[in-house]
Amino acid sequence: MFNVTTKSMQWGEETLTLETGKVARQADGSVIATLGETSVMANVTFAKKQKEGQDFFPLTVHYQEKYYAAGKIPGGFFKREARPTEKETLTARLIDRPIRPLFASGFKNEVLVMCTVLSHDLENDPDVVAMIAASAALTISGAPFMGPIAGCRVGFSGGEYVLNPSVDDMHNLRNNPEQRLDLIVAGTKDAVMMVESEAYELTEEEMLGAVTFAHEQIQPVLDLIIDLAEETAKEPFAFSPPDYSDLFAAVKAAGEDKMRAAYAITDKQERTTAVAAVKDDIKAALTEEQLADANLGSALKKLESGVLRGDVVKNGKRIDGRATNQVRPIVAETGILPRTHGSSLFTRGETQGLVVTTLGTGDDEQFIDALHGNFKSNFLLHYNFPPYSVGEVGRVSGPGRREIGHGKLAWRALQAVLPAATDFPYTIRIVSEITESNGSSSMASVCGGSLSMMDAGVPLKSAVAGVAMGLVLEDDGDYAILTDILGDEDHLGDMDFKVAGTSEGITSLQMDIKVQGITPEIMKTALAQAKEGRMHILGEMNKALSGAAEFSAHAPRIETMQIPTDKIREVIGSGGKVIREIVETSGAKVDINDDGIIKIASSDGEAIQRAYDMIYSIVAEPEEGKIYKGKVVKIVDFGVFVNFFGKRDGLVHVSQIENRRLNHPSDVLKEGQEVWVKLVGFDDRGKVRLSMKMVDQQTGEESAKEEAAEE
């Protein structure tokens with residue numbers, strides 16, 4: 001019934017297996033990839049006919065994690081997988097980015113790639129496995145895909161690169177000082193196509209070495225996919241790139257000079273209007289047959305691209321007149337919103353971000369229900385890109401893949417410099433409102449986020465800046481690398497290469513290639529040029545704020561204390577009775593974690609101190625030889641019981657009340673009376689023994705008479 005083909009290889013410490021022919025046989029291509037005990041099924045289908053009037057490539061990539069893969073049931077009320085999680089959205093983007101440029105030029109049929117996590121061993125992350133499965137499914141599907149690609153994850157520990165480190169090694173990199181890198185690279189046999197990373201101030205050489213290491217490690221995986229395809233690939237889909245050379249010649253003749261003049265306008269809005277007018281003029285000069293040609297959009301884009309690219313490579317001339325390594329003018333401001341905890345307005349040319357930091361308590365941490373486990377996050381970054389930022393009218397909805405992807409990139413860039421949670425026990429939320437955009441708004445979010453956190457008083461290890469690099473690569477091998485690219489340079493160029501970091505090193509790197517890869521030489525040059533741009537931007541940011549400002553008066557104060565884990569139950573009390581009493585009495589918020597770290601939060605310092613004292617009285621132990629102030633709670637014939645330490649009582653024997661014989665303790669004491677006592681020791685049963693006569697009852701100091709008597 002089944003015609004199953006399986007290919008396996010040893011990859012690092014695990015076995016990688018590709019299987020096809022048993023599941024989803026009606027899809028154009030279906031492959032189950034397994035690494036260790038993590039399995040992902042990738043299914044590919046594509047339309048055999050292009051939609052009428054289709055002028056873009058409609059590729060859709062979905063990645064979905066099924067909770068059954070890890071033996072879990074989803075949380076929430078509905079108990080089923082619903083809208084994509086942040087991890088699913090980011091992984092779908094990871095797969096989309098390297099495969100999109102490898103479809104045949106001019107292919108505009110609909111393509112659907114669906115990756116489903118079937119099994120997760122909690123060791124091998126499914127994202128890389130999904131990328132390999134998707135590539136293999138595309139390669140055998142018959143679609144005009146110029147692959148295959150493969151991907152891997154790279155760590156950096158002890159000066160050594162690590163292939164496919166475990167989920168635990170990569171989870172919460174900020175709290176794992178031995179790991180300095182979480183890098184994913186995808187590429188073909190000849191070149192790197194995509195890079196995504198989170199790093200801890202790696203040098204340019206270390207980062208380039210990691211990318212090179214990754215490209216070497218994916219070579220045997222590519223061979224495995226090719227081996228599978230040689231036995232199972234379907235007949236190639238009959239597709240020939242459309243020939244629109246005559247149409248392009250007509251478009252070029254009708255508007256090349258006008259288009260070059262339009263692109264000489266430096267203001268974005270004016271340039272956009274002028275380019276649209278030129279396109280209208282070109283269309284007016286064409287015949288009805290040419291206007292009806294489905295390739296008209298491609299011809300117009302080719303004209304735009306040729307004008308921009310030719311000037312850059314041949315003359316070093318950019319749209320706005322800058323040199324290839326020049327950053328646009330920067331204005332950085334902080335403290336612009338009076339009631340927020342921290343704020344900044346970062347403007348670079350025609351790109352602007354209003355970035356706001358809010359500090360919260362442990363109650364504000366985000367609870368994440370993930371496939372590999374449940375955990376909390378105390379650092380959040382949300383990126384918003386409204387239509388008005390590019391002068392457009394558009395539908396406003398929830399965050400899409402762009403917002404989630406750009407926000408995560410900025411999050412990765414900034415998390416490396418955050419203080420330890422024990423030193424700064426706050427939940428930090430950053431919101432980046434992009435108010436203007438003409439290229440590199442995610443890097444503006446990095447710069448603005450760094451400034452707004454410092455404005456809020458967050459003691460960052462260092463300021464972080466980001467810059468977006470571009471590439472124009474011609475067929476003859478000539479190329480130009482552009483610093484701080486504009487939107488048009490991104491749209492019409494061959495690379496979007498974002499680098500963020502401190503003065504000491506790189507904290508995040510993201511690269512997308514629109515041609516079939518770039519050489520190590522180009523990447524090395526781009527990294528060096530990016531460092532120059534980053535250092536310049538950091539200098540401009542330092543003019544606004546060079547370190548943590550005074551802590552915001554509107555932010556909550558948080559104090560931490562560490563208690564023994566065996567005392568946690570006493571602080572919480574039966575059914576939470578004790579901790580509720582502490583909160584109600586003190587007026588402060590109290591949060592306890594499983595490690596015995598207690599966070600006490602309030603805008604009132606006295607409330608924090610009250611809560612601290614109440615908790616201390618519960619968990620602290622009295623010390624022998626120390627003097628305490630207490631209250632008589634019970635009088636008996638042989639002495640008095642004194643409450644002297646929180647809820648701890650101790651006995652003062654009648655012989656230890658005064659330096660004279662007493663008939664009865666009630667001769668000199670009464671219940672409720674405050675007295676000074678010294679903790680003499682503990683009896684055989686652990687009962688506390690106290691003395692009053694060893695302490696001067698007026699001053700609370702050790703009694704001079706008692707000292708003399710002892711001598």
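## A tour around Asp496

Start by selecting Asp496 and the residues around it: leaving out anything up to four places away in sequence, Asp496 touches Ala468, Met469, Ile485, Asp490, Gln510, Met511 and Asp512. Keep in mind as you click around that this is a predicted model.

Asp496 sits in strand 20, which covers residues 495-501. Is Asp496 buried or exposed? Its relative accessible area is 9%, and the cut-off for buried is under 20%, so Asp496 counts as buried.

You'll find a polar contact of 2.5 Å between the side chains of Asp496 and Lys498.

Time to hop over to Asp490. This residue belongs to helix 12, residues 487-492. How does Asp490 count in terms of accessibility? At 25% relative accessibility, Asp490 is partly exposed, because that category runs between 20% and 50%. Select its contacts too: skipping neighbours within four places in sequence, Asp490 is in contact with Ile485, Asp496 and Lys514.

Finally, zoom out and colour the chain by domain. The chain is divided into domain 1 (5-232), domain 2 (245-315), domain 3 (330-544), domain 4 (557-619) and domain 5 (626-691). For a last stop, pick out domain 2 and domain 4: their C-alpha centres lie 68 Å apart.

How values were computed. Residues are numbered from 1 along each chain as its sequence is written. This is a predicted model: local features need pLDDT of at least 70, side-chain atom pairs count only at pLDDT 80 or more; totals for chains, interfaces and linings use all residues. Side-chain values use heavy atoms; hydrogens and water are left out. Helices (H or I, at least four residues) and strands (E, at least two) are DSSP runs, numbered from the N terminus. Buried means under 20% relative accessible area, exposed over 50%, partly exposed in between (1.4 Å probe, protein chains only). Contact means heavy atoms within 4.5 Å. A polar contact is a pair of N or O atoms within 3.5 Å; within protein, one must be able to donate a hydrogen and the other to accept it, and residues adjacent in sequence count only if both atoms are side-chain atoms. Domain bounds come from an automatic or database domain assignment.
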